[in-house]
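Here's a quick briefing to keep beside the model while you click around. Have the viewer open, and we'll go topic by topic.

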Amino acid sequence: MTLNLLDIHKSFGSTRALDGVSFGVAAGEIVAVLGPSGCGKSTLLSLVAGLETPEQGDILWDGQSILSTPPHRRGFGLMFQDYALFPHLNIGDNIAFGLRMSRLPAPETRQRVTETLALVGLPGLERRDVGTLSGGEQQRVALARSLAPRPRLLMLDEPLGALDRTLRERLIQELNDILRRLEQTAIYVTHDQEEAFTLADRVVVMNAGRVEQIGTPLEIYRRPATPFVARFLGMSNWLTGTAEGGRVTTPLGIFPIQESVSGPVSVLIKPDGARLGEQSGYPLRGKLTAQSFRGGTNRVTVEVSGNMLSFTFPSTVQLPEAGQPLTISLAPDEALLVFPVIPG
Amino acid sequence: MTEDQQHTTGDKRTTTSPRPHRLRFTGYVLRPTQYAALSLWLAPLSFLALFYFYPLASILGVSFARGEQGIAAPFIEALTSSSMRGVIGFTIGQAALSTMLTLLVGLPGAYLLARFDFRGKSLLQALTAIPFVMPTLVVAVGFNALLGPRGWLNLGLMDLFNLTAPPIRFANTLTAILVAHVFYNTTIVLRTVGDFWSHLDPRLGQAAQVLGANRWQTLWRITLPLLAPAIAAAALLVFIFDFTSFGVILVLGGPRFASLEVEIYNQAVGLFNLPLAAALSVIQLGCTLLLTVVYTRLARKLSRPLSQRPSAQTRRRLIGWRRRFAAAGIVALLLVLLVSPLAALAVRSVTSLDVDSNRQGSVPSGLTLAFYRELVVNPRQAVSYAPPSTAIAISLSYAAGTVALALALGLPAAWALARDSQSRLNRLLDPLLMLPLGTSAVTLGLGFIVGFGKPLMLFGERVDLRTSPVLVPLAHTLVAFPFVVRSLTPALRSIRPRLRQAAAVMGASPWQVARRIDLPLVGRAVIVAATFAFTISLGEFGATALITRPEYPTLSVMIYRLLSQPGALNYGQSLALSTILMLVCAAGMLAIERMRIAEIGEF
């Protein structure tokens, strides 16, 4: 790992912003830090950038602690949430700022500004005033400004948060292309799972100052490590049950499980873990109570023995009318996750 | 029948207002027609015409007409005689020096107050606001009580080292003038720059740091350029105030130093050379008007949004001993500079001094209220003599008159400005209202003497203002007017039509809207404006010194009289009166501070 965070603690007054956070970023890797607002994501970036100091723990770069290095000597880039473009400088001077700080000769600075502007798709705008830019253009200028000094590590703090949905979807793809082409080592902070899953090699899910799970997007989606991660990813079919000897007893029946737990558990039925009709697996009979069309998928609410469960099906699947009976089948090793209930 | 025909054949009103239901909601926020705006402007503009422009025109007339050696003679004298050139040079020089020193003291303080939270901060803010409304004479007397020949420092040193003469010569030096000016105007820097600074996005600086800028580079390339308009506006305002400073230079500078303002007073009152006084006034007016125009331009630039954030988000706590140490140093400097002269004044006014027979000096011998008691005594039982305490009553009634007049004129003007700041009329008139701010008080007083020296014919009536005590509150209203308008306009503007509409939609009648929305929002601003007018009137000295009737002395005139008479008792009485004035003004400013709705002041 190039960057290593070791057991970072940070509080502001009585609120604990970070409570023992550890993870690493390898060279050329993009790590997304995903979590709800207020989970400590932005604080984490401030600490890595050197704008704040942790109370406990260490931050290593290539094995060396950088805690005593001031922010301007760390050689990192940080793209702020609403960009923090310097209002008194034009676009070219904004992008050249970091280059001038590192005393790059003027001709090369000019050259690099031109290249970087072309890279972010705004060629020839050096002399424009930053006040005249649209939200998407500001985002590109901010990206260009943080990329121009060729930082060893680029940190992006909710860079698309202020933009509307269509623009966001286009820019995330562009951002992905640019970062991959540069083989840029990066930390990407967001509360949006789509952004994180699209962009990142690995995702760090955080909650209330702690790391809940670290893994590839697929690993996290397949096997959320904690109920929080599952809920944050929008999974809402919870049952209570009792696990014993590789089986779990729930109000809907008895299912085999892979987890070796016993005692009271929370059982999650994943929304994409069911198929329509009586097929292989465990059939459940119920009544379709509501469905909503979501583009490529249909979200369906099914009442099974008094439990409301929601599932997604491809929209090509033919569904009965609301109120009609419905049979679905669960594939237990795909659809069921079991979490031990922590007393208290 | 088509819809159009229905309209034309129906009730006449439907043709003129096709959507009558909308008019009901917007009825009381009528689109400002020029006619309505003009009617609001009528009273304030007539007042300015009669009591500002007419007196100034009279000065112009005198300076041109009364010169015996030709029209331009007073100007030639003012610009060619070496003594007058010295006066002009001194005025500019001391103002420039004072402004630089004020920035030097004020900027670190502005940074501290803008960017950090610490215990006692609100108290410090309130204390540092006090000098702004302190009457010049109180400031002068305060510094005298601290550093003058009979001040604390000299008394202490004489006692300590057995000296026969005061070792520190502070009175009648340039240092005294500069220090008093710094005392006076640091608040402006703290407020103007501090306010702007506290809203500046701290992430701009952080972005620079992450891009490789060290602390100095960040300050030099990011923070200072962004603060530049605020610093320039503060510096200009400070310069204008220093340029037209009167009481401080008259009392602390002594006979050796004369600024334009003091020279105008001397020429008009001492030497009765009205043409020269008028010519000097015109020169000074030209300078200050130019500066005021530049200032209003800059102030408008300040209001341009520039990635601002709520100040609560930009503040941090003081962490680390170096920061705390620096902060303590700044706080100590501000306290010593801003509080010690006032404290010295208050303590000195209740200290009795015994003449030390062994030496020339005197030593403090205990607490006494003798100076305060003497204020109400008429020592010779003379019928014509008014004891100093009568000045308190006179000042209070003048102040009450000023408050009434300034509000009566300021409210419609502020209302007109708030309704539509973009209208061409308002953009023209807004800087006009600020003109009295850039006009020196002595010039205003001189204008009153010249303009109302002989009876006026108004509406066929013979009005003799020269002998009327109304003249003083009129002059005070002129001085207070810009402050009143500036305090009221943002509050009135903050009542956006949306708020009224929201209330109306929820079922509030126009009267209820006025009572529940307008009044609570404006009420505090009215109190702030009234307090400004009140304290300004109480402390005003420059104009009052010229126009007041000898039998109706105000507090500041009485203080000056007592100060210029010899004797320990007179000095003590001037201290006592100054203390009373200081307490009233400080109470007023603290009240303003408490009333201040977030971001309300434009000063």
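This is a predicted model: local features need pLDDT of at least 70, side-chain atom pairs count only at pLDDT 80 or more; totals for chains, interfaces and linings use all residues.

Residues are numbered from 1 along each chain as its sequence is written, chains are lettered from A and ligands numbered from 1 in the order in which they are written, and side-chain values use heavy atoms, with hydrogens and water left out.

- Helices here are DSSP runs of H or I with at least four residues, strands are runs of E with at least two, and both are numbered from the N terminus.
- B:Arg323 counts as partly exposed because its relative accessibility is 33%; the cut-offs are under 20% for buried, over 50% for exposed and in between for partly exposed (1.4 Å probe, protein chains only).
- In counting charges, Lys and Arg are positive and Asp and Glu negative, with His and the chain ends not counted; the place of a charge is NZ of Lys, CZ of Arg, CG of Asp or CD of Glu.

**Chain A as a whole**

- Chain A has nine helices and 20 strands, and its C-alpha trace spans about 75 × 45 × 35 Å along the principal axes.
- Of its 344 residues, 49% count as buried.
- Chain A exposes about 15600 Å², with carbon and sulfur atoms supplying 49% of that area; areas come from the Shrake-Rupley method with a 1.4 Å probe, and for residues only the protein chains shown count as cover.
- Among chain A contacts with a separation of 6 or more, 64% are between residues 24 or more positions apart, where contact means heavy atoms within 4.5 Å.
- Chain A carries 32 positive and 35 negative charges, and their mean positions are 2 Å apart.

**Chain B as a whole**

- Chain B has 27 helices and six strands.
- Of the 603 residues in chain B, 52% count as buried.
- The accessible surface of chain B is about 28300 Å², and 64% of it belongs to carbon and sulfur atoms.
- For chain B contacts with a separation of 6 or more, residues 24 or more positions apart account for 78%.

- A:Arg170 is in helix 5 (residues 165–182) of chain A, and it counts as partly exposed because its relative accessibility is 48%.
- From A:Arg170 to A:Ser315 you cover 145 residues in sequence and 24 Å in space, C-alpha to C-alpha.
- A:Asn307 belongs to strand 18 (residues 307–314) of chain A, and its relative accessible area of 19% is why A:Asn307 counts as buried.
- Setting aside neighbours within four places in sequence, A:Asn307 is in contact with A:Leu239, A:Pro251, A:Leu252 and A:Val302.

**Salt bridges**

- Side chains of opposite charge can pair when their charged atoms come close.
- Over all chains, the search finds 17 salt bridges, each defined as a side-chain nitrogen of Lys or Arg within 4 Å of a carboxyl oxygen of Asp or Glu.
- A:Lys41 and A:Glu158 pair up at 3.0 Å, N to O, in one salt bridge.
- A:Lys41 lies in helix 1 (residues 41–49) and A:Glu158 in the loop between strand 7 (153–157) and helix 5 of chain A, so this pair ties together parts 117 residues apart in sequence.
- A:Lys41 counts as buried at 4% relative accessibility, and A:Glu158 counts as buried at 7%.
- A:Glu174 and A:Arg140 form another salt bridge, at 3.3 Å, N to O.
- This pair links distant parts of the chain, with A:Glu174 in helix 5 and A:Arg140 in helix 4 (residues 135–147) of chain A, 34 residues apart.
- A:Glu174 is partly exposed at 27%, whereas A:Arg140 is buried at 11%.
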